[in-house]
Number of protein chains: 2
Amino acid sequence: MRGLSPAASAAEKHSATAATRQDGKPSGPSAMDRLQALVADDMAAVNACILDRMQSPVALIPQLAGHLVSSGGKRLRPVLTLACAQLIGFEGRRHIKLAACVEFIHTATLLHDDVVDASTLRRGRETANEIWGNQASVLVGDFLFSRAFELMVEDGSLDVLRILSAASSVIAEGEVLQLTTTGDLATDEATYLDVIGAKTAVLFAAACEIAGVVADGDDDTRARLRSFGQALGIAFQIVDDVLDYSARQATLGKTVGDDFQEGKLTLPVIYALAGADAPEKAFWKRCLEDLDQRDGDLEQALSLMGRHDALPRAMDRARDYVRDAHAAIAPFADGPMKQALSDIVDFVIERGH
Amino acid sequence: MRGLSPAASAAEKHSATAATRQDGKPSGPSAMDRLQALVADDMAAVNACILDRMQSPVALIPQLAGHLVSSGGKRLRPVLTLACAQLIGFEGRRHIKLAACVEFIHTATLLHDDVVDASTLRRGRETANEIWGNQASVLVGDFLFSRAFELMVEDGSLDVLRILSAASSVIAEGEVLQLTTTGDLATDEATYLDVIGAKTAVLFAAACEIAGVVADGDDDTRARLRSFGQALGIAFQIVDDVLDYSARQATLGKTVGDDFQEGKLTLPVIYALAGADAPEKAFWKRCLEDLDQRDGDLEQALSLMGRHDALPRAMDRARDYVRDAHAAIAPFADGPMKQALSDIVDFVIERGH
């Protein structure tokens, strides 16, 4: 995982593989695979739009952007735009370009995020900042972000522009808030939820809501789609943060402990801290506030989390949002897309086990 | 100067002081002072809007943004929006918010630019990245950029959104192009003009053109305002790049040689290189391509520029754009604002002597 990131990361990477049940038997195509299959034609058009619109006479721009764009991310956010549009019966084409906008904004935040975190790996490949330097990553992020707004202007909906410009502000606020809470042991659950609600969930919410805008949905439809995305995004990020301390994650060859190493106050830490005695508090202070970490500290952190049931409690909290997400789409007409979206919500939780 | 910067820098810093004629006698309030006086009321409203809209519940955001916003920049770009609106007789208030947008976009690019250049000083003060770190500067830049788009959406003009989103893309392209030409001795004048046309002039052009949009100007009016801003911006940046090698600049206690140190291929270097013999070429290669610089190299660079008349030739090139800028506003009705804008064009050149 990459911690500060507005959320590609562990849960998303896993969604590429077929789900494995807790009994260890494969359960067939994952919920993500099924959802992607339902929007495959539209997604091909989105991918074509992304490739087309990330071009520039300045060769380094498509090179650098293409590195990330082609790196096998699951494009969960634009998939949500397409899926929500299908859910409510939209039959036009406007959502293609807007789904590409959502991915451009996400890609821009990933580029900046990897600079902010000084990350060297993303999705198993060297990061753009590692290959081309921080300078180019910052500037190409700015380019993609601007290009997203150009695409929205071409579409011409001020509602969409309002939703995505507000989302972009809030994402940046969430990232800055996370910066200021890093290493701050006084960070509480409410602040943590503010951080992930802003840095991650708001773009999920916007990706879903704009489908309601292009389909000319009424206020209730738009609000439900937005709530669905917001709840899904929060659950997604909580699970992502749990996976950063997950032993199973480690057995799958994924990185564990990045958040720990960076001093991030994620929900598992907050829960472990809430029940900590004085020596435990001193341990967390040394590791996360002072960033004075030694061999065996991560194992000790995992052990303290075990003692305070921190990971299962965080998963329980994620389940609250999963319930909200299910409730938000319940009133929509039953059908394969509603089922697929419902499954993707449950899938977020499955990933945490 | 800060080289990669989208253009605050030397020329702008100087504009704060009263002009000094070549004979050494002060010539009264500078053209910049006179222009600012003509838009003072509107500018007070713009400043209030900037302060109001850079707020956020995340305290670090207004702290960091305020550091740059209050650092005594001359706000040349929003001044141009206000001045052009006045020039064509606009009497509404919409341009206030849009002038603030322009300044937000400029401030965002400065924050990112100082990260890209690893700058430690801007306008004589520590840079935000030096005080709060690169991470916060990147993210607060993203916030201001997003906030600019939120303000444009509130205004509601898709034309303005089109102009400023396109300008933002082009600025990023220009900055990336400059990155790729840094240290590349094959960079020619046309490429240099592409870089500064994009990284600097496009925002000047957009700042002027949007005044034409809010005032409901016809196509010709908009095109003239845009051409005026574009030509002024190019002249401004050429002079800025000359000042980075200017001895007079050094006697004024300003930094000289930043571009040299960073290996930037600015117009004075391009002109010095065009006439260089083999040992001179080897010198430029060592200094700018290999970045192997020693004591006395900057003096040697200045001496080679003197030998090839590089600085006066660059100033002549700036004068071509000054003529274009004058021509662009010539058809507008005479009056104090047209005079002030005309004077500001000449002032750009005066700064270079």
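In which helix of chain B is the place of Arg222(B)? The legends below begin with that residue, in a model that is predicted.

**Figure 1. Arg222(B) and its contacts.** Arg222(B) lies in helix H10 of chain B, which covers residues 219-243. With a relative accessibility of 18%, Arg222(B) counts as buried, because the cut-off for that class is under 20%. Leaving aside residues up to four places away in sequence, Arg222(B) touches Asp159(B), Ile163(B), Glu209(B), Gly212(B), Val213(B) and Gly217(B).

Figure 2. The phi angle of Asp216(B) is near 60°, a positive value in a residue other than glycine. Most residues other than glycine have a negative phi.

**Figure 3. Packing of helices H5 and H6 of chain A.** Helix H5 (residues 76-87) and helix H6 (residues 94-116) of chain A have axes that come within 8 Å and cross at roughly 155°. Because angles over 145 degrees count as roughly antiparallel, H5(A) is placed in that class relative to H6(A). The crossing of H5(A) past H6(A) is right-handed. On the H5(A) side, the contact is made by Arg77(A), Pro78(A), Thr81(A), Leu82(A) and Ala85(A). H6(A) contributes His95(A), Ile96(A), Ala99(A), Val102(A), Glu103(A) and His106(A). By type, the residues of this contact between H5(A) and H6(A) are 6 nonpolar, 3 polar and 2 charged.

**Figure 4. Packing of helices H6 and H7 of chain B.** Helix H6 (residues 94-116) and helix H7 (residues 128-155) of chain B pack with axes 8 Å apart, at an angle of about 155°. H6(B) is therefore roughly antiparallel to H7(B). H6(B) and H7(B) cross in a left-handed sense. The contact of H6(B) with H7(B) involves 15 nonpolar, 6 polar and 7 charged residues.

**Figure 5. Ala330(A) in the loop between H17 and H18 of chain A.** Ala330(A) sits between helix H17 (310-329) and helix H18 (336-350) of chain A, in the loop that links them. A relative accessible area of 43% makes Ala330(A) partly exposed. From Ala330(A) to Ser342(A) the C-alpha to C-alpha distance is 8.9 Å, and the two are 12 residues apart in sequence.

Figure 6. Chain A contains 18 helices and 2 strands. Its length is 353 residues, of which 61% count as buried. When contacts in chain A between residues at least 6 apart in sequence are considered, 76% join residues at least 24 apart. Chain A superposes on chain B through a rotation of 180° with 0.0 Å of shift along the axis, at an RMSD of 0.0 Å. The two copies are therefore related as by a two-fold rotation axis. Both copies use the same surface, since 100% of the contact residues of chain A recur in chain B.

Note on methods: Residues are numbered from 1 along each chain as its sequence is written. Chains are lettered from A and ligands numbered from 1 in the order in which they are written. This is a predicted model: local features need pLDDT of at least 70, side-chain atom pairs count only at pLDDT 80 or more; totals for chains, interfaces and linings use all residues. Side-chain values use heavy atoms; hydrogens and water are left out. Axes are lines fitted to C-alpha atoms, for helices over the stretch in contact, and angles run from 0 to 180 degrees between N-to-C directions. Helices (H or I, at least four residues) and strands (E, at least two) are DSSP runs, numbered from the N terminus. Angles under 35 degrees count as roughly parallel, over 145 as roughly antiparallel, 65 to 115 as roughly perpendicular and the rest as oblique. A crossing is left-handed if the near helix is turned anticlockwise from the far one by less than a right angle, and right-handed if clockwise. Contact means heavy atoms within 4.5 Å. Ala, Val, Leu, Ile, Met, Phe, Trp, Tyr, Cys and Pro count as nonpolar, Asp, Glu, Lys and Arg as charged, and the others, Gly among them, as polar. Copies are superposed by least squares on the C-alpha atoms of residues with pLDDT of at least 70 in both. Buried means under 20% relative accessible area, exposed over 50%, partly exposed in between (1.4 Å probe, protein chains only).
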